[in-house]
Amino acid sequence: MSEDTRAAVPLRWWRAFRGLPDGLRVTTYVAVGLVLALVVTGLFATALVRRPLPQVSGEVEVPGLSAPVTVLRDAAGVPHVYAETTADLALAQGYVTAQERFFQMDVRRRSASGTLAALVGEGALPGDRAARTLGLRRVAERELALLSPDARAFLEAYADGVNAYLAQSAPSQLAVEYTLLDLDGADLAPADWSAVDTLTWLKAWGWDLGGAAAAEDEVARVLTADAVGSTRAATLWPTPPDDVVPVVPGGAVVDARFEPDATETTTRNPLRPAPGPPGAAALAAAGAALDALPTWAGRGPGAGSNAVVVSGERTSTGAPLLAADPHLATEVPGPWMQVGLHCREVGPACPYDVAGFSLPGVPGVVQGHNAEVAWGAAAAGPDTADLVVERLRAGAAGDEVLVGERWRPVRTRTETIEVAGAEDVEIEVRSTRHGPLLSDVDPDAAATGEASTIGRGADLDEELAVAVQWVGLRPAPSLDGLLGLALADDVEEARRATAALAVPPLDVVLADRAGTVGVQVAGAVPVRKSGRDGTLPAAGWRPEDDWTGEVLPATALPFTTDPLDGVAVAANQVPVDQDYPYLLGQGFDPGQRASRLRDLLVAGEQSVASVEEVQRDEVSTLAPVLVPALLRIDLDEGYADDGQQLLRGWDLDQPADGPGSAAAAYLNATWRELLAATFHDELLPSTWPDGGPRWIQVVGGLLEEPDDPWWDDTATDRVERRDDVLRAAMLEARDELVRRQAQDAERWTWGHQHLLRLTSPGLLGDGAAVGLARRVVEPDPWPVGGGPGSVDTTSWDPVLGFEVTTGPSMRMVLSLADWDDSRWVALTGVSGHPASEHYTDQTDLLVRGESLPFPFTPEAVAAAAEDELTLLPAP
């Protein structure tokens, strides 16, 4: 084609276009304009989302450093920090964490302090009310002074590093969430990070994994007894089975010191009658306040952990293996961030050489290893909180609370809560000697309390209110314990470091390179006066119901360095044999998961790969209880019994898809219908079954009693029995799965119903900007297997549906034969930025049952490095 011909082509096209009807030409102009606008908008949106991505290579000046610091990142973006001094190491960790996770850190401190509404608006107001009432930040402010000088210096340097990054970054460079929330008029300029912010978040973490469950359980017990009577209510809280191996089998307390080999002990807990369940209405208000508290770590039956250690006698290398996989709330970004912290020359001036999982906002490593010792942890579950019913009246100088036979002043303070896009809100927080009054959180609680009198012998103008007494409201230097673990040279030193841990209470599994393995129960456990078992709220006016003011001495807490069969398993089961003389609590996991873990670990020689396989075990602990009963039910052949036929010959595994998945879907759907049909008619919605291990034990007992009143539906005119309820549940489950997935039962998959959906905990409410932010930062869900009680715990709440509520937040298997042979994977990636390739890259791995290499030695870290960033002292 000649040059003249080529020039004529666009002219002919233009003349043809100009000859089109006006309407068609206008439509074309509009379409082209829309396409261009979409392209420009897309480019602009991409730029906004990518703007917060951090610098990961080259050099950057950081004020406060005394010498250059090297940050090596591997293919997964995991940073390993190398520094000359402890202060530089802590400062660099703060800087690097802020690069990846500052919005998460900001949400954590705000939600724990009760200031989240200033960022996201009225949707966060209920949680802010509850958090201000609980007063975690006020306790953290007092706790700072209790830290050792070394721990405080590490904490302050970490905060300096966070603030150095903040000083270099506008809000839109910190996180895309700040840019989007600006649309709703949020206060975007974040305050400097402080040492108190870290301690406040640690308190919130401790509440979720310690105090929350005990307090919520007391409310549930009272409201259940109020609904069906104390005798029937007691059947819903059975004692753990006798055949479950405790975390620490054997041992006894001798002269206030736990001796693993001792056999004689004495008791200091003679029982006396506990007061009845007074003030159900006020307790319901307190329960609503507990529900309003944000979920910081995880709540419900699946919140817990697996932590195990296997001695070298049972491993292929002859050296110990240690593994952990905590089960926490399914959030994005995930709760953990992998990191390595290395002094270039380890010595007194800089003693750290540690790697593992950190909590963004908290310096150091919470679970991991140093050059000599490995540690992991599971929630121990002792009862560290009580609800206390108080008798109040209006006095001449303000509210008064009854103490014995005298009236004492109630402490009050006024808190102002800022709300983005709305007026500030003032609340009055009242506290007694036992703690803050949770029943005041609900604006209607005052009216509830005034309407609820003690009854016999009480003045009509008295009010009932409910205080929460939690050991975590007593300041303690828990951070000393976390940092002390990183410096331990052997298991004995690590055990001593755990003595400083107060909240949350933990079962800490330990191993060292010399071959010693063990487990230590750690944390502050209140000493109650004789006869108080903590299962029901205390009567605050009775001095005999008070705590003694002491906690169990750390020396009396159970431990072993010679575990049964060379395997220590901590899976939230009872910590120690029933002969232990101190009261630890009643709400421990029934132990099906712990028993399954132990059976798998003692079955043969263990390696890193085999322990990873154990962590992925999806076998149902519900199935052995329920399937035999379901197979005994007569159903019509064809449509009605298609689901039942899936259960015949099923291996009880619960994969997301593939063989056995259809049976798992049917069993879990039947379980959901069974719980609703059995319990919803008589229990309040707030106490409906959550489907966790306790409820498996409850239903297992009921299956042996076909005429138990629980089977009867009080809303009908007939009397239902066990088989009636099982049959109805099976038929309804069949219909439900048809509605959800397919007519053909063979095509059902558990993963289609059981989805892992990662949510952003700070984005609350219905504002347009909050909704837009959720769409940007929350990824599409993943189909997963497992379920409540499985080793691979992916819990779901039958009241809400089948979606995962808590699950593995990370998996870690450590080889003490060769640290570089260890493996790890997190729930989400290292980055908290949606545009980063490391946002959910590890989610894909975790869901597939895969993991990443965990390099530790300088040679392995250098070989794995893909990016190198040098932090330079600012002139």
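Modeller: Let's begin with Asn-572, which sits in the loop between strand 24 and helix 16 (592-601). Please keep in mind that this is a predicted model. What makes the spot worth a look is the backbone: phi of Asn-572 is near 70 degrees, a positive value in a residue that is not glycine. For background, most residues other than glycine have a negative phi. Is Asn-572 buried or exposed? Its relative accessible area is 10%, and because the cut-off for buried is under 20%, Asn-572 counts as buried.

There is another example to set beside it. Asp-565 also has a positive phi, near 60 degrees, and is not a glycine either. Its place is the loop between strand 23 (559-560) and strand 24 (567-570).

Most peptide bonds are trans. Here, the bond from Val-332 to Pro-333 is cis, with omega near -10 degrees, and Pro-333 belongs to the loop between strand 7 and strand 8 (337-343). Val-503 and Pro-504 are joined by a cis bond too, with omega about -5 degrees. Pro-504 lies in the loop between helix 15 (491-497) and strand 18 (506-512).

Together with Trp-205, Leu-209, Val-366 and Leu-506, Pro-504 is among the residues nearest the centre of the largest cavity, which has 20 lining residues. Helix 10, strand 6 (304-310), strand 7 (321-329), strand 11 (373-379) and helix 14 (478-486) each give two or more residues to this lining. What kinds of residue make up the lining? There are 16 nonpolar and 4 polar residues, and no charged ones. The space in this cavity is about 200 Å³, and the whole structure holds 10 cavities of 30 Å³ or more.

Now for the packing. The largest nonpolar core has 188 residues, and those touching the most other members are Phe-102, Trp-207, Trp-296, Trp-375, Leu-479, Tyr-580 and Leu-871. Helix 10 (residues 195-228) gives the most to this core, with 15 residues. Another core, of 50 residues, lies apart from it and includes Ala-220, Ala-629, Ala-665 and Ala-742.

Glu-100, in helix 3 (residues 86-113), counts as buried because its relative accessibility is 6%. Leaving aside residues up to four places away in sequence, Glu-100 touches Pro-54, Arg-73, Met-337, Val-830, Ser-831, Gly-832 and His-833.

Finally, step back to the whole chain. It has 26 helices and 32 strands, and 58% of its 875 residues count as buried. Among contacts between residues at least 6 apart in sequence, 73% join residues at least 24 apart. The accessible surface comes to about 34000 Å², with 51% of it belonging to carbon and sulfur atoms.

Technical notes: Residues are numbered from 1 along each chain as its sequence is written. This is a predicted model: local features need pLDDT of at least 70, side-chain atom pairs count only at pLDDT 80 or more; totals for chains, interfaces and linings use all residues. Side-chain values use heavy atoms; hydrogens and water are left out. A nonpolar core is a set of buried Ala, Val, Leu, Ile, Met, Phe, Trp, Tyr and Cys residues joined through side-chain atoms within 4.5 Å. Buried means under 20% relative accessible area, exposed over 50%, partly exposed in between (1.4 Å probe, protein chains only). Helices (H or I, at least four residues) and strands (E, at least two) are DSSP runs, numbered from the N terminus. On a 1 Å grid over the protein atoms alone, a cavity is a set of points where a 1.4 Å probe fits but cannot get out, and a pocket is an open set with protein on both sides within 12 Å along at least five of seven lines; lining residues have an atom within 4 Å of a point. Grid points are joined across faces, edges and corners, and a volume is the space filled by probe spheres set on the points. Ala, Val, Leu, Ile, Met, Phe, Trp, Tyr, Cys and Pro count as nonpolar, Asp, Glu, Lys and Arg as charged, and the others, Gly among them, as polar. Contact means heavy atoms within 4.5 Å. Accessible areas come from the Shrake-Rupley method with a 1.4 Å probe; for residues, only the protein chains shown count as cover.
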